[in-house]
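Subject: Structure for you to look at, with notes

Dear colleague,

Please find the structure below, followed by my notes on it.

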Amino acid sequence: SLSLASLQKSNNCLRTLCSITCTTCNNTFVNPKVLPCLHTFCASCLETNNKICPECNTEFCMPPNGVSGLIPDYGIINFISSLRGSLFCNSCKNDSVPAVAKCINCENFLCQNCVLAHNYMHCFEGHRVIEFPKEFFQEESINDKEEPLVCLTHTNELIKHICMICNDPVCQQCICEEHSGHRTELLDSVGEVLMVFMKSSMDDMRSRVNELLMTQKYSNHSSWWLNSQYNDIYNRINDLYDQYCALLLKHRENQIAILESLYSKMKAALNGNAAATQDTLDKMNKLNDFFSRLMKYGTTAQCLMFKKMLENKQRKLSNYKPKPLHCNLKFISDTQDFGTLLFNSFGHIVHDMNSYDCDYAVDSKIGSMVSLPRNYMGQYYHLKYDKWSNSALDDLKSISDLCLIEDAATVFRPFNSIRSTISRTVITYNWKFGSYGTAQGQFTEPNGVCINADGDIIIADTNNNRVQVFDRMGRFKFAFGEDASSGECSTTNTLLFPNRVSVMEITGDIVVTERAPTHQVQVYNQYGGFIRKFGANILQHPRAVAVDKEGHIIVVECKVMRVIIFDMNGTVLHKFTCSGTLHFPNGVAVNDRHEIFISDNRTHCVNVYDYNGNFLRRIGREGLTNYPIGVMLNKDGLVIVADNHNNFNLTVFTQDGQLVTAVESKVKHAQCYDAAMSPDGAVVLTSKDYRVYVYLTSF
C-alpha cells in the first residue's frame, strides 16, 4: 500500500519530494547557506566543515570571512516564512485535515493523501512537494518582515548595486574597493531586465532538462530492450542446444545401430568362414586316418578297393580353398571442422555499442515513436544473435553435410545462390514507428507507402481496409477508408484491401489502388475526402501505382504484366503489355520525360519503358539489385532501387543506368513491402514486422 513512509523511502526515485530540513542536523533550516554545488545546509552545520560538501563530497573554497561569506538560501528562507499561519490541507474537500507538505507549483498545502496523489498521478507530474519536518509546527514564528539585503563582505553595508563586469550584487564599499573602475548599476533600475534574461536562460535550461529526461527515458527503455534481447538469445541458444542434442542423439543412435549391424554381419561372416574351414579340416583328418589304417593293416588289393572313393574325396577336399576375411571398422571424426561448423551454423553472439549524436529536435509528446540516439533499440539492435531465419531448423542447414539425419534435403531449405557483387556503405535507420493492431498508428499489413510534398507519410494498411497518414516523425494525423465492410466496398468513402498509394503532385490528392476483389483505383483529397473511383472493369491485378507531373496515373499489373495509364479523371490514355520483359513487377516510378521505371523482383532489375510501351533500357542486374521491392526517383533525378536481399539495400543509379553509390542497412529487417523517398532524401520502408522505418540518406 502507498504511504508517506513509502514515499520517503523512494525519495531518490521520485525526485518530486523536497525538504526544508537540513540533512546534517535533521532540523528545520536555520540561517541556511548555499554551497557552490547548490546544496544547502545550516550555517552552524558548516562551521566545523573541512571544505567538503556533506552531501556530494565536492570540495569548495570557503570565502575569506568564513561561513558568513556564503550566500544565504533566500528561496528556503522566504519559503519557510510563507508557510507560517496555515496548518491545514486546502487541496481536498475536508479543510480540517492537518497539512504535512506544500506544493510549490500549485501553492497548496497538502495532507498525506494529497501528497500521495501529487507523486503518483500524471496530472501532477513535475510538481515539487515540500515535506514539513515534525518539529516545524512547534517552532516559533519567523518574522514575516522582509529584511534588507546585507553585503556578505561588508556586513554593515546594504547591497544596492550590481557590477555589470563581475555580475555580482555589491555594496557601496565594494564599489570603492574590489570593483573599483567597474561599471555598476542600481539594482532597482536594472533588476527586472536582468531577471528577464535570467529567466530566459533558465527556460532554455528547462527545455534541455526535458531532452535529458527523454534521453534517460530511452536509456531505461534501451536497458529493458537489452535485457529482453539477453533473455531471448539465452532461451534461443538453449532451444538450439536442445535441438542439436536431439539431432546428435539421433545421429549417435544411428551410428551405433550401423555399428551393431556391421559388427554382426562381419562376426557372422568370420564365424561361417571358420566353421567351413574347421569342417574341411576335420574331413581331411578323417580321410588321412582312414587311409593310414588301411595302408597299415590291409593288403594291396584291399587298398585298391578304396582307390576311387578316396581319390574322389581327396579331390573334393582339395578344391576347398577358403580366403581369409579382413574386417575393419573405423570411426572418422574431425572435431576442428565440427567446431567451425557449430560456430557458423549454431550461431554466435555479435554486439555493437556506439554513441550517435541526435540529428533532430525532440518533442516530448512524441513518446515511443521517436528515438533520441540513432542506435536506440528499434533503430538497430545493440545485441543480436547472428541468425535471422524463420525457424531454428533453418539455422541448422549446414549440419546436413554431416549426415546427421537421412532426410536432410527435405528438412532444410536451400541457400540462396545469388550473392551481391559490390561493396556497400553501412547505414542504419534513424527512427521507426508502428506496431501490430487495429488502433491508430498500428498495422496488420502496411503494404504500400508514399510521401507527399509536406513530408507526410501515407501508408496503405491493407488488412485494416484503410489508409493512415503520419507526419514525417511518425506521429499519427488521420486515417480514411476504414469503414469498409467485408464483402464489397459499396459506399463512396470506404476502401477494401488497399495495397498501393501515390500522391498527385499538382493537387496533393492521394491515389489508392485496391487488390481483389475490387481491382480499382480510388482518389481522395489530401485530407482524406473521397473524390472518385475508376478502373474496376479494366484492372485485374494492380500491383504498383505512380503519378506523373501532369496528373497521369500509371498502374502496373502483375500476372498479366500490363501497364495502364489513366488521366486524373480515370480515362484510359495508353495501355500495353510487357510479358516478354516483366516477370514480377512490384514498384513503379515516372520521370518528366514520360519514362516509366518498373522494378522486377524476379529479373533483379528495373525495366524502363516509354508511354507507348517501347522497351528503352534496363537498370541494374543480378548481383547488384537482387530481388528489388521498389524503385524511386529523388529530387535530382537519380534512380534509387530498394531491395531486401539479406539486408535492406539501396542502390543509386543515373537514369541511364550508371551506378552512383550503394548502401546497406546494418539492421536485417523482416520481409519488406514497399519503400518511398521524401523530397528531403528520407527513405521510408514498410516491413512485415508491422513497423515503418525511416532512413535519413545523403542522396
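Is Cys42 buried or exposed? Cys42 is buried, with a relative accessible area of 2%, where buried means under 20% relative accessible area, exposed means over 50%, and partly exposed lies in between (1.4 Å probe, protein chains only).

Before going further, please note that this is a predicted model, in which local features need pLDDT of at least 70 and side-chain atom pairs count only at pLDDT 80 or more, while totals for chains, interfaces and linings use all residues. Residues are numbered from 1 along each chain as its sequence is written, and side-chain values use heavy atoms, with hydrogens and water left out.

Overall composition

The protein chain holds twelve helices and 38 strands, where helices (H or I, at least four residues) and strands (E, at least two) are DSSP runs numbered from the N terminus. Of the 699 residues in the protein chain, 41% count as buried. Taking contacts (heavy atoms within 4.5 Å) between residues at least 6 apart in sequence, 48% of them join residues at least 24 apart.

Cysteines

With a disulfide taken as a pair of cysteine sulfur atoms within 2.5 Å, the count comes to zero disulfides. Cys42 is accordingly in no disulfide, and the nearest cysteine sulfur, that of Cys25, is 3.9 Å away. For Cys103, the closest cysteine sulfur is in Cys106, at 3.3 Å, which is too far for a bond; Cys103 is itself buried, with a relative accessible area of 0%.

Helix 7 and helix 9

Two packed helices are described by the angle between their axes and the distance between the axes. Helix 7 (residues 187-297) packs with helix 9 (residues 307-319) at an angle of about 155°, their axes being 10 Å apart; the axes are lines fitted to C-alpha atoms, for helices over the stretch in contact, and angles run from 0 to 180 degrees between N-to-C directions. Helix 7 is therefore roughly antiparallel to helix 9, since angles over 145 degrees count as roughly antiparallel, under 35 as roughly parallel, 65 to 115 as roughly perpendicular and the rest as oblique.

From helix 7, Thr280, Lys283, Met284, Leu287, Phe290 and Phe291 meet Leu310, Lys313, Gln314, Leu317 and Ser318 of helix 9. The residues of this contact divide into six nonpolar, three polar and two charged, where Ala, Val, Leu, Ile, Met, Phe, Trp, Tyr, Cys and Pro count as nonpolar, Asp, Glu, Lys and Arg as charged, and the others, Gly among them, as polar.

Backbone points to check

Most residues other than glycine have a negative phi, and most peptide bonds are trans. Asn465, in the loop between strand 17 (457-461) and strand 18 (466-470), has a positive phi near 55° and counts as buried at 12% relative accessibility. His604, in the loop between strand 29 (595-600) and strand 30 (605-610), has a positive phi of about 60° and counts as buried at 6% relative accessibility. A cis peptide bond, with omega about 10°, joins Ala516 and Pro517, and Pro517 is found in the loop between strand 21 (510-514) and strand 22 (521-524).

Ala682

Ala682 lies in strand 37 (residues 682-687) and counts as buried at 7% relative accessibility. Ala682 and Gly455 are 227 residues apart in sequence, yet 9.0 Å apart in space, C-alpha to C-alpha.

Best regards
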